[in-house]
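Please consult the sequence and structure shown here alongside the text.

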Amino acid sequence: MRREMGRVAWLTVIAVGCGPAIPAHRLPVLVPPEPTVAETTFAERTAMLRATLLRSSIELDAGPTIDTCRPGEWKNCMRCDVATGMDGVDPDLLDRVAIVIASYPAPLLEAAELEHLALCRRIRYEGKEDGPVGLAQLREHRLMISVEGYMTEQHSSTAIEQIVHHELFHLFDHANLGEAHLDPAWSELTPPGFEYRDPAGSGPRPAGFVNAYATTDAMEDRASTFEYLMAHDETCQIAAIDPIVDAKLTVVRERITAVAPKFLDRRAPCTGWVAPAAGTPTYRLPGR
């Protein structure tokens, strides 16, 4: 379409140069197409998401692309193509992101040092055809979400809220532990004889972990534990039968509660944290 439009303009110029002048009211006028309803709705929801983020001093990245590669650091770097209204993204996804971000208290967002959020049409590893559904850029204080899996009939099996919880905790974790990410308290909860492995295996939940992906490394373990605490109903049942997961949930809960004392009581899918007379807090199912 753009090539055809350019050709019309060129032919008009030649005609004007070689013959009598054409009255201005007879010159062809190229009118840009009206935005579709979906594009208009996407723009409106984007504005609402941007306003929600700005209340917490978080910037919604406009793109068109974000490249994580730095000179000399080409391994595992990624590219985010920022989503637009022409990509066919369900505008409801923007509302869901806005709602979950708005549910976090300001002190917790500040503690996570979240400054940027990017809604990506897709995220790709450099030189590869696949990429993650979410990414936390720790040094840039950015949370990235890929909507690619939600743009087809084959929707992603991961709810977009889970991605937000997981990647936000990565930022919180980094701000809490520092660049070295040393965590002696977490190391003490490693199952006997276990070693993290990247890439993690697949399959059933290993003992001591909320899912198989949590066995990637300690940071993914902590982020997955928080994600399960926030967005998975089966967390209560897992904690009731797995003492290591129970203890990991306690560590995560204590770190979040230190910043936002009542947040998990209101937001976590199952509560029931108690402090026994003996000392250490434990996790129990509601009603027990």
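The largest pocket has a lining of 42 residues, and those nearest its centre are M78, Y125, L135, Y213 and E220. The model is a predicted one, in which local features need pLDDT of at least 70, side-chain atom pairs count only at pLDDT 80 or more, and totals for chains, interfaces and linings use all residues. Residues are numbered from 1 along each chain as its sequence is written, and side-chain values use heavy atoms, with hydrogens and water left out.

**Largest pocket**

- The space in the largest pocket comes to about 1,500 Å³. A pocket is an open set of points on a 1 Å grid over the protein atoms alone, where a 1.4 Å probe fits, with protein on both sides within 12 Å along at least five of seven lines; lining residues have an atom within 4 Å of a point. The volume is the space filled by probe spheres set on the points, which are joined across faces, edges and corners.
- At least two lining residues come from each of strand 5 (134-137), helix 5 (160-177) and helix 7 (218-231); helix 5 contributes the most, six residues. Helices (H or I, at least four residues) and strands (E, at least two) are DSSP runs numbered from the N terminus.
- The lining comprises 15 nonpolar, 14 polar and 13 charged residues. Ala, Val, Leu, Ile, Met, Phe, Trp, Tyr, Cys and Pro count as nonpolar, Asp, Glu, Lys and Arg as charged, and the others, Gly among them, as polar.

**Packing against helix 9**

- Helix 5 packs on helix 9 (residues 243-259) at about 80°, with the axes 12 Å apart; the two are therefore roughly perpendicular (65 to 115 degrees). Axes are lines fitted to C-alpha atoms, for helices over the stretch in contact, and angles run from 0 to 180 degrees between N-to-C directions.
- In this contact (heavy atoms within 4.5 Å), F169, F172, N176 and L177 of helix 5 meet V252, R255, I256 and V259 of helix 9. Six of these residues are nonpolar, one is polar and one is charged.
- Helix 7 also packs on helix 9 at about 80°, with an axis separation of 10 Å, and is likewise roughly perpendicular to helix 9.
- Helix 7 uses D221, R222, T225, F226 and L229 against K248, L249, V252, R255 and I256 of helix 9. This contact has five nonpolar, one polar and four charged residues.

**Disulfide**

- One disulfide (cysteine sulfur atoms within 2.5 Å) is found in the whole structure; C80 and C120 form this bond, S to S 2.1 Å.
- Because C80 lies in strand 3 (residues 78-82) and C120 in strand 4 (residues 116-125), the pair ties together parts 40 residues apart in sequence.
- The S-S torsion is about -105°, so the disulfide is left-handed.

Technical notes
Parallel < 35°, antiparallel > 145°, perpendicular 65-115°, else oblique.
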